[in-house]
Amino acid sequence: MTKQLSRRNFIRIVGCAAAGGVAFTFLRPQPLFARVLPPGAVSPEKFQAICLRCGKCALVCPRQAIQLSNDGLPYIDGLRNYCDFCMRCAEACPAGALIRINPKIAKIGEAVIDRDRCIAWQWQGCRLCAEACAKLQQAIWLDNDLRPHVDAYRCNGCGACVYVCPQSAREGSSKQDGRAVSLHRGSA
């Protein structure tokens, strides 16, 4: 004997499910991304104090590598694209938070490979980060087992390796949900 669900109870269940879905969407913890400041940024403390949060640097970035945080501060995480150090962002900065620097010696961060997430460290089969870097900085090299390593001296933090990494976009989450390579301020 099955009991029929009344219209009122059905609407109540559907309404609760919809409200739960909306609450989950807006209240769930947001993923954290490793971020670096655009090239030519003054010290992080000074940058935060003098940046006007106008977004001009992001608007002129030809690769759209510069994103704006919720409070309007520009950053690069490599998820949308990588920085080619064209320095248009510094030219567009009206506050002097970004200053023009020599792109050949610029360093905004350092790539860090998470060996637990990296496909090549689990089984041979991925060399995308090394191939992307070979065209730019040659900062990622492969060992005899074809596993990637970062040469901290050569890495400028451009994010090309992050951009091509086939892992998903969240840092600090499970292996299925995290990129195997991310940018960190490091020694920059």
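**Terms and their grounds**

Modeller: The protein chain has seven helices and six strands. This is a predicted model, in which local features need pLDDT of at least 70 and side-chain atom pairs count only at pLDDT 80 or more, while totals for chains, interfaces and linings use all residues. Residues are numbered from 1 along each chain as its sequence is written, and side-chain values use heavy atoms, with hydrogens and water left out.

Colleague: What makes a stretch of the chain a helix or a strand?

Modeller: Both are DSSP runs, numbered from the N terminus: a helix is H or I over at least four residues, and a strand is E over at least two. In that direction the elements read α-α-α-β-β-α-β-α-α-β-β-α-β.

Colleague: How do you know that the side chains of Asp143 and His149 are joined by a polar contact?

Modeller: A polar contact is a pair of N or O atoms within 3.5 Å; within protein, one must be able to donate a hydrogen and the other to accept it, and residues adjacent in sequence count only if both atoms are side-chain atoms. The polar contact between the side chains of Asp143 and His149 is 3.0 Å.

Colleague: Why is Cys86 placed in its accessibility class?

Modeller: The relative accessibility of Cys86 is 28%, so Cys86 is partly exposed. Cys86 belongs to the loop between β2 (74–76) and α4 (88–92). Contact means heavy atoms within 4.5 Å; apart from neighbours within four places in sequence, Cys86 is in contact with Pro62 and Arg100.

Colleague: What makes a set of residues a nonpolar core?

Modeller: The set must consist of buried Ala, Val, Leu, Ile, Met, Phe, Trp, Tyr and Cys residues joined through side-chain atoms within 4.5 Å. The largest such core here has 44 residues, and those with the most contacts inside it include Phe47 and Leu98. Helix α6 gives the most to this core, with four residues.

Conventions:
Buried < 20%, exposed > 50% of the residue type's maximum accessible area, 1.4 Å probe, protein only.
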